[in-house]
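Here's a quick walk through one chain, with the sequence and the fold side by side. Keep the viewer open and follow along.

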Amino acid sequence: MPLPPPPSSPPPPYPASRDSLSLNKSFLRSLLGILRIAQLVLGAACWVTLAAHKYEGATYFAVFAAVLVWLLTLALFGLSLLGRWSLVPVLGTRWLMTNLLHDLLLGLILFAAAAGIMAQKAHKLRYCNIAGYSHSCSYGGYLTAAVFAACSAFLYLLSALYCLLRRSRGHHDII
């Protein structure tokens, strides 16, 4: 079987986003970029606070949720910061919708984690608030982690609302 003839024209060039690695400064200055940085800071504070205390019950889910949400957000932030979302198969062409769904789902997961921590730990460790109780208690740590998770979840839902508003105004990009 004979080989096909060589192509008569050169292959098409790569997309512009693959040419150089440079920071997308307009993303950093946008509301979504600021929200992503705040989500990463609060998310890290949440899972570090949880990791510093004893794991049991709802804490397993909360640590899993906090770390997973943080890692996914870090990946999304990195792709957006470098302008490399075109490298993501299927989702890269719908980056605004990808961000919207990411924020909505992860915000709900973090709210569930915060509610789980508070429901189980606040009930189980409520005796720590009694005046005169002198033993060590991690109630304050769990309360702090729940506040970090709730604030982070609020930021995720706020960025989902931002993406939804951009989408409803006919925009197809995050900036």
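Predicted model: local features only at pLDDT ≥ 70, side-chain atom pairs only at ≥ 80, totals over all residues.

Residues are numbered from 1 along each chain as its sequence is written, and side-chain values use heavy atoms, with hydrogens and water left out.

Thr59 sits in helix α3; helices here are DSSP runs of H or I with at least four residues, numbered from the N terminus. With a relative accessible area of 1%, Thr59 is buried. For that label, buried means under 20% relative accessible area, exposed over 50%, and partly exposed in between, using a 1.4 Å probe and protein chains only. Tyr162 is 103 residues from Thr59 in sequence, and their C-alpha atoms are 30 Å apart.

| Helix | Residues | Length | First to last C-alpha | Expected span |
|---|---|---|---|---|
| α2 | 31-51 | 21 residues | 30 Å | 30 Å |
| α3 | 58-82 | 25 residues | 36 Å | 36 Å |

The buried residues of α2 include Leu32, Arg36, Gln39 and Gly43. In α3, the buried set includes Ala62, Ala66, Val69 and Thr73. An α-helix has 3.6 residues a turn, so residues three or four places apart point the same way. After α3 comes Gly83, with a positive phi near 70°.

What about the UniProt record? Its unreviewed entry places "transmembrane region" at residues 31-52, 58-79, 100-119 and 139-165; such annotations may be inferred rather than shown by experiment. Residues 100-119 are 100% helix and 0% strand, with end C-alpha atoms 28 Å apart. Residues 139-165 are also 100% helix and 0% strand, and there the end C-alpha atoms are 39 Å apart.

Now for helix α5. Leu161 is in α5 and, at 45% relative accessibility, counts as partly exposed. Leaving aside neighbours within four places in sequence, Arg166 is in contact with Leu96, His171, Asp173, Ile174 and Ile175.

Methods. Helix = DSSP H or I, 4+ residues; strand = E, 2+ residues; numbered from the N terminus. Contact = heavy atoms within 4.5 Å. Expected span 1.5 Å × (residues − 1).
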